[in-house]
Amino acid sequence: MGPVIADLRETFVDAGWRIRNHEDANPQLRRFLERLRMFITLVGLAALLIGGIGIASAVSTYLDKKTGTVAILKSLGASSRLIFATYLLEVAAMAGLGVAAGVIAGGVLPLLVGEVVRAALPVPVDVALYPAPLLLAAAYGLLTAVVFALLPLARTRDIPPAALFRERTGETGGHSRLFDRILVAGLAAVLAGLAVAASDDHILAAVFIAGAAMALLLFRLAAVAIMAGARLAGRPRWISLRMALAGLYRPGAATPTVTVAFGIGLTVLTAVAGVQANLRHEIGQALPRDAPAFFFIDIQPDQIDPFRLLAGETQGVHDVQSVPSLRGRITAINGVPVSEAVINPDVRWVVEGDRGATYSALPPEGSEVTQGDWWPQDYSGPPLISFDEEIAAGFGVTIGDTLTVNLLGREITAEIANLRQIDWTTMGINFVLVYSPGMLEAAPHTHIATVYADREAETPLRTAVAQQFPNVSAIGVRDVLTDVLAILGRIDAAIGGIAALALIAGVVVLAESVAAAQRRRLYDAVIMKVLGATRGLLARVFTLEHLMLGLAASDPGPGSGNRRRPGPLCASCSTPAGPCPGRRSWRSAR
C-alpha cells in the first residue's frame, strides 16, 4: 500500500484529492484501529507470560514425580550433567510437540474458517499459509518453554541422592547456580527483544515486558511478606485456621509459586478485560445510532425555507438542519503563498483543492472550541474564521494568525479567532472553515441540509423532494451506517473471542498452579489422615490456605495479629508445638 500511495502522490502532484489508508484515516477511526492493534499485542504478550508460568508449574510438577527415578539414577552413578541433559531433552521434546501442534492448528484453522470470514466482512480477505508468522510463533513457543523450564531443571540437577530420598515434604530441587540464572536472563532478554521487534507497537511491548518483570519481582517479594505475616500471625484457637497458616510458611511451602501465579494471572486477566471493555466502549461510541437519514445538497437560497417546510411536514421526520455552503481554496497562510509555506505533509491535502466553508453566528454542533473565543452573535466587524485545531497545528498557525481563501474568485483574508476540535463521527454537518456572519451572506452560495427521519419516511421524503426540487441531490446515510455498524459488531465479536482465549488460558494456568501445589501436599494429607484427620478438616485447611493466598495475592500485605513468634512446628499436624488441640477431635470424629 505504501509504494502505491507514494507513486500516486508523485504522479499527481497538483491533484485536489487526498489518499488515505487505514493508518491515515480520520482521527476517530485511526484511534480505534490503534487501540485494536494494542489489544491484540497485549493479548499476545499476556499469552506468552501466562504460558510461561504454566510451563514452569508443569515442569516443576513433572520433576516432582520423577524424584525417585532421579535418586535411583544418581545412586547408580549417573552424573548431574547426564540427568540434566536427559530431562532437558524430555522437556524439549514435549515442548516441540506442543509447538508443532500449535503451529499446525494456527496454519490450518484460518483455512477452515476462511469462507466464514469472507462472508462476514465486506472486504477481500486473502486466507493462505504464511510461513513467517508461523515460524515466529514457533520461536516464541520454544524460547518461552526454555526460559521458564530451565531453572526447575537446573535445581534438580544439583540435588544429592540422599536429599532426594529424604525431602519428601520439601521443595524438589536445590539452589540454581549463578551461571544458570545468567543463562536464563540472557534467553529471557532474547525472548523480550524478539517480542518487541515483532510487535507493531514497540513501545507498548517494551512497557508490557518491563511491567511484567517488575510484577514478577513484586509478587515474589509479596510471597516473602505473606510467609512472614503468616509466621507472625500467632496461634489461632481454630485448628483449621492454625494449620492453614502453618501451611503457608512450612518447609517446602508452595506460597512463592502460587502467589506469583495468582498475582500475574489476575493482573493479566484484569488488564485484558479492561482493554476489551474500553474497545467495546469505543465501538459503541464510534458511530451514532441516531445518524441522519439523508444529506441534501445544492439547495438554493430561495429553496431552503420551502425545503425545510416540506421536510418538516413529512410524517416520520424528526429534525431538519441546514447550513450555508461555499467552496474556496486556501491561497496564503499569514500572507505567505501556500506554495512557499511550510506545511506538514499530513495536512497538505487541505491546500491542494477546494474546501467547503460556511458562516455561522453560533458554534457548529459536534465541535468544541479549544482555543480562543467564539464571536458574538451580532458580530459585524472584519471577517473572522474558526479553524480545525489539528490542521492548524500542521499549518503552524494559532489564534491571531491569518488565512487567505479564494472564494468565488475573490481573495478574502480573515483572522483566526478560535480553534475547534471536530467530532466527525456525529455524522452531522461540519466544516474545517467557519466564517463569522456578515460579508459572506451576500456571496452566491447553496445550502446543505440533514434530515433525521424514520425508515418508513425515507421513500416519501425522497420522492417529494425530487418532485418539488429536481436540482437537489439526496445522499442516503442509513444503509451505509447500517453496514458500518454491522462490521463493527463483527469486530466486537472477534475482540470478545480473542479476549475469551486469553481469559481461558489464564484460568487454566491458575487452576494448574493450584493443582500442582495441591499434589505436593498429598504426602502431608496422608500423614495427617493416619494421625486421625478427617476429610472435612483437610478440606477446610486446604481451602483456607488457598483462600488466604488468593486474597493476599490480589492485595498483598504483611500479616496482622499477635506479633509473638511461635515455637517449632508440631511433627504430627504442622501446627506450632505444644499440646496438639486437634488429636482429640480427630479421634472422636473417627
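The protein chain contains 18 helices and eleven strands in this predicted model. Of its 590 residues, 41% are buried. Among contacts in the chain between residues at least 6 apart in sequence, 78% join residues that are at least 24 apart.

Helix α9 spans residues 202–231 and has 30 residues. From its first C-alpha to its last, α9 reaches 44 Å, close to the 44 Å expected at 1.5 Å a residue. The buried residues of α9 are A205, F208, A212, A215, F219, A222, A223, I226, G229 and A230. In an α-helix there are 3.6 residues a turn, so residues three or four places apart point the same way. Helix α10, formed by residues 239–249, is mostly covered, with ten of its eleven residues buried. These are I239, S240, R242, M243, A244, L245, A246, G247, L248 and Y249.

Helix packing was examined for α12 (residues 304–313) and α14 (residues 458–468), whose axes come within 10 Å. The two axes cross at roughly 150 degrees. This angle is over 145 degrees, and α12 and α14 are therefore roughly antiparallel to each other. Their crossing is right-handed. On the α12 side, the contact is made by P306, F307, L310 and A311, which meet L461, A464, V465 and Q468 of α14. By class, the residues of this contact comprise seven nonpolar, one polar and no charged.

Backbone geometry was also considered. Most residues other than glycine have a negative phi. D298, which is not a glycine, has a positive phi of about 65 degrees. D298 is located in strand β1, residues 294–299, and is partly exposed, with a relative accessible area of 36%. A positive phi, near 55 degrees, is also found at L408, likewise a residue other than glycine. L408 lies in the loop between β7 (402–407) and β8 (410–422). With a relative accessible area of 55%, L408 is exposed.

Terms used. Residues numbered from 1 in each chain as written. Predicted model: local features only at pLDDT ≥ 70, side-chain atom pairs only at ≥ 80, totals over all residues. Heavy atoms only, no water. Helix = DSSP H or I, 4+ residues; strand = E, 2+ residues; numbered from the N terminus. Expected span 1.5 Å × (residues − 1). Buried < 20%, exposed > 50% of the residue type's maximum accessible area, 1.4 Å probe, protein only. Axes fitted to C-alpha atoms, helices over the stretch in contact; angles between N-to-C directions. Parallel < 35°, antiparallel > 145°, perpendicular 65-115°, else oblique. Left-handed = near helix turned anticlockwise from the far one by under 90°. Contact = heavy atoms within 4.5 Å. Nonpolar A, V, L, I, M, F, W, Y, C, P; charged D, E, K, R; others polar.
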